Amino acid sequence: MHCCEPDMYDVQFDAAAADQKLREYRAKGPRGSTARLIDDLGRGGVEGFTVLDIGAGVGAVHQSLLAAGAASATDVDASGPYLAASRLEAERRGLADRVTFLKGDAVRLAAELPAADLVALDRVVCCYRDMHALVQVASDRTRRRLGMVLPRDGALVRIAIALENRWGAFRGDPFRVYAHRTDAVLGVARAAGLDVVASHRGWFWQTLLLERRSGPETPAPRYPQGEGRWVSGSKSGSTSVWSCGSAAAT
Ligand SMILES: C[S@@+](CC[C@H](N)C(=O)[O-])C[C@H]1O[C@@H](n2cnc3c(N)ncnc32)[C@H](O)[C@@H]1O
């Protein structure tokens, strides 16, 4: 089976995994980088905003934003079981009538995806080989903010991902995790008119918040090509600095 065949996501993110994620989410709510992403996207209020949640899983991001006052959301997910779990939870919380559910690959469904004030890619970019196409679709549809959670650059993370992929290959699993370079991801978003305004790094995941550039006077963050440190300015007054990893990009 090819990496990008939709059925692969139904197998990787199957009913058992969806059930477990839903139980965890109901018991503990959004956690870790997902909770941070929701906070970042919701900064300053979301009253009346629209949301596009790409690869939404059981729906934590858009459901939280809807509960905080967003008007409506589109949940697009390549996994049927995850989409079904998200719908179930939205129905339980009385939010389902404000959500459009789409099953499939967001890149292939691009023509059906609406523009939205807030767009989320929570731990999705690393599931998809064609990073450029996916981030392009998400960026083009972002009216205000794009929030992403993806593996950070760095040797340890790349080793962990390589080991996971080797283990998957050994078991005959076609699913792969992709360690796309952060500067390449941000390059796509920046070319589409978005700038980083906040970032946070955990040991594995990083959370990046981007906003649509208001005009040509907005200073662009500096991202050197290839290896090296990069610095992103933050409208909140803080500045984050880190080093790019040295492993080859996928
Ligand atoms: C690791 S899970 C993350 C789920 C959720 N966002 C979270 O953080 O809990 C990745 C999700 O992205 C979906 N996905 C991956 N690539 C996708 C694509 N190109 N279009 C739509 N969904 C995608 C998968 O089906 C899966 O539900």
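Helix α4 (residues 60-67) is largely enclosed by the rest of the structure, because seven of its eight residues are buried. A residue counts as buried if 20 or more other C-beta atoms lie within 10 Å of its own, as exposed if 12 or fewer do, and as partly exposed in between, with C-beta atoms placed from the backbone. The model is a predicted one: local features need pLDDT of at least 70, side-chain atom pairs count only at pLDDT 80 or more, and totals for chains, interfaces and linings use all residues. Numbering starts from 1 along each chain as its sequence is written.

The protein chain holds eight helices and nine strands. Of the 250 residues of the protein chain, 38% are buried. Contacts were also computed, two residues being in contact if their C-beta atoms, placed from the backbone, lie within 7 Å. Among contacts between residues at least 6 apart in sequence, 68% join residues at least 24 apart.

The buried residues of α4 are Ala60, Val61, His62, Gln63, Ser64, Leu65 and Leu66. Ser64 counts as buried because it has 21 C-beta neighbours inside 10 Å. Leaving aside residues up to four places away in sequence, Ser64 touches Pro30 and Ile38. Ser64 and Ile38 are 26 residues apart along the chain, yet their C-alpha atoms are separated by 7.1 Å. Gly69 follows α4 and has a positive phi, near 120°.

Packed helices are described by the angle between their axes and the distance between the axes. The axes of α3 (residues 32-41) and α4 come within 10 Å and cross at roughly 40°. Axes are lines fitted to C-alpha atoms, for helices over the stretch in contact, and angles run from 0 to 180 degrees between N-to-C directions. The two helices α3 and α4 are therefore oblique to each other. Angles under 35 degrees count as roughly parallel, over 145 as roughly antiparallel, 65 to 115 as roughly perpendicular and the rest as oblique. Thr34, Leu37, Ile38 and Leu41 of α3 meet Ala60, Val61, Ser64 and Leu65 of α4. This contact of α3 with α4 has six nonpolar, two polar and no charged residues. Ala, Val, Leu, Ile, Met, Phe, Trp, Tyr, Cys and Pro count as nonpolar, Asp, Glu, Lys and Arg as charged, and the others, Gly among them, as polar.

Met131, His132, Val135, Gln136 and Ser139 of α6 contact Ala184, Val185, Val188 and Ala189 of α8. Six of these residues are nonpolar, three polar and none charged. Within α6, Leu134, Val135, Val137, Ala138 and Ser139 are buried. Their cover includes β1 (50-54), β4 (116-122), β5 (142-151), α8 and β6 (194-201).

Arg123 lies in the loop between β4 and α6. Arg123 has a positive phi of about 60°, although it is not a glycine.

The shell around the ligand has 21 residues, of which Gly55, Gly57, Ser79, Ala106 and Asp122 come nearest. A residue is near a molecule or strand if its C-beta atom, placed from the backbone, lies within 6 Å of it. By class, the shell divides into 13 nonpolar, four polar and four charged residues.

Key: Helices (H or I, at least four residues) and strands (E, at least two) are DSSP runs, numbered from the N terminus.
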